[in-house]
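Hello,

Here is the structure I promised to pass on.

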Amino acid sequence: MNGPEDFEPFSEKRKCSLCNTKAFVYRRRHSGQYFCKKCFIESIEKIIYKTISKFNMLKPEDKIIIGLSGGKDSIALLYNLKKIQNKTYNSKPLIALSIDEGINHYSKQRIQKAINICKEFDISHKIISFKKYIGKSLDDIVEWQKNKGDFRFPCNYCATIKRRLLNDIGKELNGTVLALGHNLTDISETYLMNILYNRLPLIARTNFSRKNSKLNDAYLDRIFPLMRIPEDEVELYAKLKQFDYYKPVCPNRKNFPILRRKVLEFLQNIKQQSPEIEFNLFKGCLRFTSILSEEYRSKNLNFCVECGYPTSNPLKCEYCKLLKEIK
Ligand code: SF4
Ligand SMILES: [Zn+2]
Ligand SMILES: [Zn+2]
C-alpha cells in the first residue's frame, strides 16, 4: 500500500510533474505523475471539488449532514466540505453525525477522535448510540446471536442499522443531503460485491449524481465526494495534513471471514499489477447503473408496513425485521 514512505528523496529523475520542485515526491501509479507534498495535497482537494461539481452534489441552500466516523475518510471529507462551504455565501453550517455502534473499545475511541476533530474545526456534532436508539449495542446483538446458535455476521446488523440511523437522525436535524466518506476503493469493493451476489437492483438504485430522480422521499440524498480517490491516497492526504484520525480496523472486520474483506484483498492484489483497476470498476459501475436504472429502479419495490421505507421485501423492510428479531 502506498504511504508517506512513497515520498522519496529528491533525485534528478524525480521532480514534481506539476511544479518541478526539487523535493520529496510521490508517484501516482495509475497516472505515472510525480507530486511534491504541496501539489499532492492540492491535487486531492481539486479532485474533491471537481467531483462535487461534476456530479451536482451540492446546492447553495443545502444543509449538509456528514457521517463522521473519526477515520481518515470522514475527517478528510469534513475538512474539505467546511473549506468549500466557507467560500459559499450564506451557506448553512455543517452538522457532523456520528453513530456509536457499541463495539468494545473500538467505537468509543473512534468517537473520541470525532469529538476532538469537531472541536478543532468548530462544527456542531451529534452522537447517537445503537444502545440508546434501539436498546442494544452491536456487542449485545452479537452475544445474543451466539446464544441463539443461528449465526449471522455482525456487519449484517451493523450496516443495516447504521444506514437507517444516519438517515433518520439526518432528517430530524433537517438535513437536505447526507455526505459520506466512501472512497474509490469502497465504491469498487461494493460494486464487485453486488456483481458477485447478482444484486442488479442495488446497482441500479445507486445514485452518484443528484440530477437523477429520487425514488421517494424516505432517504436523504447521499453524496460521496471522495468517490474518485483511492483509499491509499486518502490515507496519504490525511497523514500529510496531520489529521488526528482513528487508525485501527474494526475488530469484526478482522475476526469474521466476511466476503467483503476477501474482495478488498483481491482488489489490492490486482492493483499491484494494474493500478488503474479501481478506476475501471468505477467507470463500469457508472455505466452499468445508468443502463440498469430504467429497468430496475422501481421494479418490485414495496413500502414497509411498519416504517414506510421502500423495500424489495413483500411486507417489512430488513431494518424492521432485524429490530423485531433482537427485541
Ligand atoms: S466492519 Fe462491520 S461491524 Fe465493523 S463497523 Fe463496519 S459494518 Fe460495523
Ligand atoms: Zn509540486
Ligand atoms: Zn420498515
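Let me start with a lysine side chain: that of lysine 72 makes a polar contact with the side chain of aspartate 73, at 3.1 Å. By polar contact I mean a pair of N or O atoms within 3.5 Å; within protein, one must be able to donate a hydrogen and the other to accept it, and residues adjacent in sequence count only if both atoms are side-chain atoms.

Before going on, some housekeeping: this is a predicted model, in which local features need pLDDT of at least 70 and side-chain atom pairs count only at pLDDT 80 or more, while totals for chains, interfaces and linings use all residues. Residues are numbered from 1 along each chain as its sequence is written, chains are lettered from A and ligands numbered from 1 in the order in which they are written, and side-chain values use heavy atoms, with hydrogens and water left out.

Back to lysine 72, which sits in helix α2 (residues 72-87); helices (H or I, at least four residues) and strands (E, at least two) are DSSP runs, numbered from the N terminus. Lysine 72 counts as buried because its relative accessibility is 12% (buried is under 20% relative accessible area, exposed over 50%, partly exposed in between, with a 1.4 Å probe and protein chains only). Leaving aside residues up to four places away in sequence, lysine 72 touches Glu231, Val234, Glu235, Ala238 and Tyr245, where contact means heavy atoms within 4.5 Å.

Glutamate 45 belongs to helix α1 (residues 37-54) and, with a relative accessibility of 13%, counts as buried. Its side chain is joined to that of lysine 83 by a polar contact of 2.5 Å.

Five strands form an open sheet, ordered β5-β4-β3-β6-β7, with parallel pairing; two strands pair if DSSP finds at least two bridges between them. At the edges are β5 (124-129) and β7 (221-223), each pairing on one side only. From one strand to the next, the twist averages 30 degrees. (Axes are lines fitted to C-alpha atoms, for helices over the stretch in contact, and angles run from 0 to 180 degrees between N-to-C directions.) Strands β3 (residues 64-67) and β6 (residues 177-179) run parallel and are joined by three bridges, and isoleucine 65 stands opposite leucine 178 in β6. Helix α6 (residues 154-172) packs on the sheet, touching β3, β4, β5, β6 and β7, and its direction makes about 145 degrees with that of β4.

Finally, the metals. Which residues coordinate the zinc ion (ligand 2)? They are Cys16, Cys19, Cys36 and Cys39, each through SG, at 2.2 to 2.4 Å. (Donors are N, O and S atoms within 2.8 Å of the metal, or 3.2 Å for Na, K and Ca; water is not among the atoms, so sites may look incomplete.) The spacing of these donor residues is C-x2-C-x16-C-x2-C. Cysteine 16 is buried at 1% relative accessibility, whereas cysteine 19 is partly exposed at 36%.

The zinc ion (ligand 3) has Cys304, Cys307, Cys317 and Cys320 as protein donors, through SG, at 2.2 to 2.3 Å. Here the spacing reads C-x2-C-x9-C-x2-C.

Best wishes
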